[in-house]
Amino acid sequence: MTSQKWHHSIEQQHKEVGMRAVLMAGGSGTRLRPLTCDLPKPMVPILNRPIAEHIVNLLRRNGVNEVIATLYYLPDVMRDYFQDGQDFGIRMTYAVEEDQPLGTAGCVKNIGDLLDDTFLVISGDGITDFDLQAAIRFHKERGSKATLILAHVPNPIEFGVVITDEDCRIKRFLEKPSSSEIFSDTVNTGTYILEPEVLDYLPTDQECDFSKDLFPLLLEKGEPMFGYVAEGYWCDVGHLDAYRDAQYDSLYRKVQMDLDYYEEKSPGIWIGERTDIDPTAKLQAPLMIGSNCRIGARVNIEPGTIIGDNVTVGNDADLKRPIIWNGAIIGEEAHLRACVIGRGTRVDRRAHVLEGAVIGALSTVGEEAQISPGVRVWPSKQIESGATLNINLIWGNTAQRNLFGQRGVSGLANIDITPEFAVKLGAAYGSTLKAGSHVTISRDQRTISRMVSRSLISGLMSVGINIQNLDATAIPVARAVLPTLGVAGGIHMRLHPDRADHILIEFFDDKGINIPKGKEKKIEGAYFKEDLRRAQIHEIGQVTYPSRVIDTYSTAFEKHLTVEAVRNSKSKVVIDYAYAVSGAVLPQLLGKFGCDAVVLNASLGQIALSIPEREIMLSQLGQVVQALQATFGVQVAANGEQFVLVDEVGTPIRGESLTALMAHMILTANPRGTVVVPVNATGALEHIARRHDGQIIRTKVNPTALMEACQTNPNVVLGGSSDMGFIFPQLHPGFDAMFCIAKLIEMLTIQEHTLGQIWSELPRVSHRSQTLRCPWTVKGALMRHMVESHAPEQLELVDGVKILDQDRDSWLLVLPDAGEPLVHIFASSEDRDWVETTLREYRTRVQAFIEQEQGIHYAEESIR
């Protein structure tokens, strides 16, 4: 549809008025379902009035007298409510995207003819009381082309993080960072003040976004673009938890908004017209009860309760902070706890709806039924009397917030990662692929992994995905053969390398690399929205078992090894397989090359080794190496991905020493090569690279970033670290301890050194780390504090905040943990005293900041 046709209807009504605002109101609000199954997100009520009405009131108070609302999802709901806006003291016109959504910037571009002066763009799904006039003044004083209204938030992970300089000019964006990428808690609120000429940078009738497309382009072009950090309240009502927070914050007057549609009968108690409340009912402020309601005898209504219009509450009901929408019927002795009851829903006698549950519109909760915490019920559902519902009433699985962590999907074996969970996860993944696609499935030898893999296979087959089952296979083998099989991707499941009671499920792309965050989000979206394809009988996927998998890996293995050096080696190697499936692969390979390898613990047992048990076995390995006068020993871990090295005198080499040793040996064999390591790896690596005229590239501290960097950068000869394993990108894109062992034999033979001699030649760089507890709500503020308290030339923001001391060739890194409420502090320098002093100083600084922020948080909670 052309721009001319798209806004033809509003152009007829348009006339010259004061400042205009564009209200972005096209969102479908999928994360707010079931509340948005029949409502666009801006029409979801806060304190019994749509979010959009609160925004319109804010705009009117700040001097805006015309609003152009851009609509897409269920557009008639908003048009019917606001009409021409006269009843709301503002002029309202509408632009409807009829064919396809054009994105936040695309829809504004298509009404550009109507925006001939400075205008404001505001998101239709936020609650705020920002002083927009102050922001407009700021915009004009700076001569800005685009001003983003920013806010500080406790947890910026779901928002676009923005960095500004001392003059508030925008320097950097990061859209929806992972936990370890957070370098500030200053975020984009989706409210912008723009000059009309910035729209000239955008294409017509194409989907484009302000944050992803326009603003980075303006930054690149050097256009004046500023960030205005607004004081006041802001909540992006993007998911159900945020929706409840916005309701309670509004009721507790943490945000200034108009409430004159109801009378404040007594402090903190707002009641509408023609509402009848039995004298025996107990009301505790603050609360809100709408118009035309009936509240029965002895009803208990506790602080935080919000009741809509035309609601009936039966005798002896107990309401503890529920949010009840218009037209609901609550039966006698019903118990509601911090839940949301949708429009026209009936909750019968003695039913219980518990914390965080959400009941969609026009549903019925039967007598004495119980809805468990966090359960979502889609509209028009029937819960039978006496039923206990502890799963979402859609397909029948529990609701969760996030599937993917720092590395794949993990959880307690058979508690979090259950067969039913795996079936749905497989269906969600398969639903993001084309029907008829093929994927590989592989696993370690554990019974729990076999169970989970079978469930995943069932889920994949149910959505029309074909399976190439590799069965129990070392993970390097699974990655290496995947590109040869013509598949869309793969899944590998195993015991978690660091948690013996956890399962880890990893997803690979068609090259064998862990899938990027964007694909993870698609799988999560399909999982949480229950948007799962269902194949017809003749479309159900099939399972095949590829042959010669080990031969394929072995051929590639041999191709990238100097086989003659290994064959002629006089090395004696002791290998502890720790009862892992890699023990079934590596002996074949080493035997083929005629290696003298002594094997320990190679049986495929069901033993899940704890960390202390591994340490005992490592000590025993050292004793065997000494007794046999072996060249070295290795303990293989993580289903063939990781290992600990033991030198000729039985001393373990691991951690940063192992990373440095591997880099030294590989660069000795490949001078002028490139080594890719995580940002927190030892500073000794740069010293080693300089010796060999090589290069070090540092990436984010996650496996996907390392794998991608190894594939995209030229001349990479090694990637990884001892924590994750080592990558030889010419062989395959993943970590591979088995190839690394063979490569060690080759290099020691060619270089004619012992491990002890090589280790003694490494630069002596002190590298230490400490870990502190850090609440999720403090991480963003901590990172912003670190950025703001150091000069820009001192900083690197690859992952976390790295502070450089270039005079000493030293650095300190403050890195939030991606999966736990922790923050890690690393220090690296040739000067051991500098490391000790700096680490101690920053630990004190970080701890003090965390305590200060927690104190502020607790004070706010106590006031509330």
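**Basis.** I worked from a predicted model, where local features need pLDDT of at least 70, side-chain atom pairs count only at pLDDT 80 or more, and totals for chains, interfaces and linings use all residues. Residues are numbered from 1 along each chain as its sequence is written, and side-chain values use heavy atoms, with hydrogens and water left out.

**Cavities.** I searched the whole structure and found five cavities of 30 Å³ or more. On a 1 Å grid over the protein atoms alone, a cavity is a set of points where a 1.4 Å probe fits but cannot get out; lining residues have an atom within 4 Å of a point. Points are joined across faces, edges and corners, and a volume is the space filled by probe spheres set on them. The largest cavity has about 60 Å³. Its lining includes Phe404, Arg407, Glu506, Phe507, Glu520 and Pro703. β40 (499–508) and α19 (703–712) each give two or more residues to this lining. Helices (H or I, at least four residues) and strands (E, at least two) are DSSP runs, numbered from the N terminus. I sorted the lining into four nonpolar, four polar and three charged residues. Here Ala, Val, Leu, Ile, Met, Phe, Trp, Tyr, Cys and Pro count as nonpolar, Asp, Glu, Lys and Arg as charged, and the others, Gly among them, as polar.

**Second largest pocket.** I looked up its volume, about 490 Å³. A pocket is an open set with protein on both sides within 12 Å along at least five of seven lines. Of its 20 lining residues, Ile163, Thr164, Asp165, Val787 and Pro792 are the closest to the centre. The lining has nine nonpolar, five polar and six charged residues.

**Helix pair.** I checked α9 (residues 419–431) against α10 (residues 447–462): they pack at about 40°, axes 7 Å apart. Axes are lines fitted to C-alpha atoms over the stretch in contact, with angles from 0 to 180 degrees between N-to-C directions. Contact means heavy atoms within 4.5 Å. Among the residues that meet are Ala422, Leu425 and Tyr429 in α9 and Val452, Leu456 and Leu460 in α10. The contact divides into ten nonpolar, six polar and no charged residues.

**Backbone.** Most residues other than glycine have a negative phi, and most peptide bonds are trans. I noted a cis bond from Arg33 to Pro34, omega near 15°. Ala285 to Pro286 is also cis, omega near -5°. Ser380 has a positive phi near 60°. Asp693 has a positive phi near 55°.
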